[in-house]
Number of protein chains: 2
Amino acid sequence: MLGLLLEMVKNNGAENPTDNKIPVGISNRHVHLSKTDLVTLFGEGYELTKIKDLSQPGQYACKETLTVCGPRGAIESVRILGPVRSKTQVEILKGDCFKLGTAAPAKLSGDLSGTPGITLVGPKGSILISEGLIVAQRHIHMTPKDATSFGVTDGESVSIQIDGLRGGIFKNVAIRATETSSLECHIDMEEANAMDLNPKSTITIIK
Amino acid sequence: MLGLLLEMVKNNGAENPTDNKIPVGISNRHVHLSKTDLVTLFGEGYELTKIKDLSQPGQYACKETLTVCGPRGAIESVRILGPVRSKTQVEILKGDCFKLGTAAPAKLSGDLSGTPGITLVGPKGSILISEGLIVAQRHIHMTPKDATSFGVTDGESVSIQIDGLRGGIFKNVAIRATETSSLECHIDMEEANAMDLNPKSTITIIK
C-alpha cells in the first residue's frame with residue numbers, strides 16, 4: 001500500500017491543461033463524516049485536525065482515522081477527509097470488500113441511495129451507518145470553463161486513455177464540473193496500480 | 001485481499017471459447033522456486049505439497065508459503081506455486097512495491113534479465129536472489145489452435161476489452177501459445193479489481 005497519507009495525492013507534475021493532459025489524483029480508502037457522526041465517534045465539540053490540503057479547494061486530509069468493520073473483518077487506520085459533509089460516506093477499494101465481507105457498489109460520491117451500511121469505530125464511540133459504503137466511480141473534476149475547453153459537459157461519461165506498457169482505457173469516467181473544482185482525474189489505488197499511474201501521471205480524455 | 005488460496009483462481013464460469021469470450025484467471029502475489037532455492041529455504045530433500053491444481057496443466061498451488069523481504073518492509077505468507085522451475089521468480093502486485101521498498105518492472109514470466117533481486121525467508125533458511133522480482137505483465141494462455149481461431153500469434157501483443165460500469169481496455173496483453181496451454185487471460189488482483197473482474201468474468205480480444 002502506498003502509505004496512509006496518500007489517500008488523495010495532490011498532483012505535483014501536472015502538465016499545462018491546454019495540451020489536453022489531465023493530472024491524476026489517486027485515492028486510498030477514506031471516510032467523510034457528518035457532523036452528527038463526528039460527535040458520536042470523537043465526542044461533543046470535537047473538531048477535525050487538518051494535516052494536508054487536497055487538490056480540490058477546501059478539502060483536506062485529517063489527523064484522525066477510524067476502524068471500518070464489516071461482518072467478516074476490519075480495516076484499521078482509515079483516514080478521515082474533511083470538512084464534515086451532510087452525510088457520512090465510506091469509500092473503499094474493491095479489494096477491501098472481501099476483507100470486510102460486504103460488497104460495495106461503484107458509485108459517484110454523494111450517490112448513496114441503496115448502498116450498504118458499515119460499522120465505524122472511533123475513540124469515543126461506534127456507529128452502524130445504514131448506507132454510505134461505496135467504491136468511488138472514477139471521475140474528473142474541472143471547472144465549466146475547462147469542460148468547454150475539453151468539449152465535455154457536467155455529468156457526461158467519457159473514456160480516458162493511459163499510456164505505457166501497462167496502459168489502456170478506462171470507460172465510464174464521469175465529468176464533474178463546478179466553479180470551485182481543480183482540474184484532476186480521480187481514480188483509486190487499484191486503478192492506478194493496474195495502469196501504472198502515479199501522482200505525476202497524466203491522462204487524456206477520449207470519447 | 002481475496003484470500004491466500006486465490007493466487008490463481010481457476011475459472012469456473014468460462015463461456016464457450018467459440019463465442020470469442022476468454023475466461024479470466026486472477027493472480028495474487030506468488031513465488032516460483034528453483035530446486036536449489038527450495039532446498040535452501042525448506043531443507044534437503046524437501047518436496048512441495050500440492051493443495052490445488054491451477055488452470056494451466058501441471059501447475060499447482062502449494063501448502064508452503066514464504067516471507068518476501070525488501071529494504072523497507074516484508075510481506076508474509078506469499079504462496080509458492082509448483083512445480084519447481086529452472087529459476088526462482090517472485091511475482092508481486094504493483095501496490096506491494098511501496099511496502100517492500102523496491103520497484104518491480106512489468107515483465108512476462110521468465111523474462112527476468114535486469115529485474116531486481118529480493119530476499120526470501122523460509123523455515124530452514126533465507127536467500128537473496130540477484131534477480132527475479134517482477135509484476136507480471138498481463139497475458140493470455142492458449143493453444144496454437146486457439147491462436148488460429150482468434151487470429152493471433154504467439155508473442156503478439158493485443159488489447160482486451162472488459163465490459164461493465166468499471167470496464168475498459170487493457171493494452172499490451174501478450175499472447176502465449178503452447179500446445180499444453182489452457183485458454184485463460186491472466187491478470188493480477190489489482191487489474192481485476194480496477195475493472196471489476198472476478199473469477200467468472202470473461203474478456204474479449206480486440207486489436
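Predicted model: local features only at pLDDT ≥ 70, side-chain atom pairs only at ≥ 80, totals over all residues.
Residues are numbered from 1 along each chain as its sequence is written, chains are lettered from A in the order in which they are written, and side-chain values use heavy atoms, with hydrogens and water left out.

**Overall fold of chain A**

- The secondary structure of chain A comes to 4 helices and 15 strands, where helices (H or I, at least four residues) and strands (E, at least two) are DSSP runs numbered from the N terminus.
- With a radius of gyration of 17 Å, close to the 17 Å that the globule rule gives for 207 residues, chain A is as compact as a globular protein of that length; the radius is taken over C-alpha atoms, and the rule is 2.2 Å times the number of residues to the power 0.38.
- Of the 207 residues in chain A, 53% are buried, a term that means under 20% relative accessible area with a 1.4 Å probe, protein chains only.
- Among contacts in chain A between residues at least 6 apart in sequence, 67% join residues at least 24 apart, contact meaning heavy atoms within 4.5 Å.

**Domains of chain A**

- An automatic or database domain assignment divides chain A into domain 1 (19–26 + 138–205) and domain 2 (28–136).
- The centres of the two domains of chain A, taken over C-alpha atoms, are separated by 23 Å, and 14 residues of domain 1 are in contact with 11 residues of domain 2.

**Helix 1 of chain A**

- In helix 1 (residues 35–42) of chain A, the residues A:Asp37, A:Leu38, A:Leu41 and A:Phe42 are buried. They lie on the same side of helix 1 of chain A because they cover an arc of only 110° around the axis, judged by the directions from the helix axis to the C-beta atoms.
- The buried residues of helix 1 of chain A pack against strand 4 (60–69), strand 5 (74–82), strand 8 (118–121) and strand 9 (126–129) of chain A.
- After helix 1 of chain A comes A:Gly43, whose phi is positive, near 105°.

Methods
Buried < 20%, exposed > 50% of the residue type's maximum accessible area, 1.4 Å probe, protein only.
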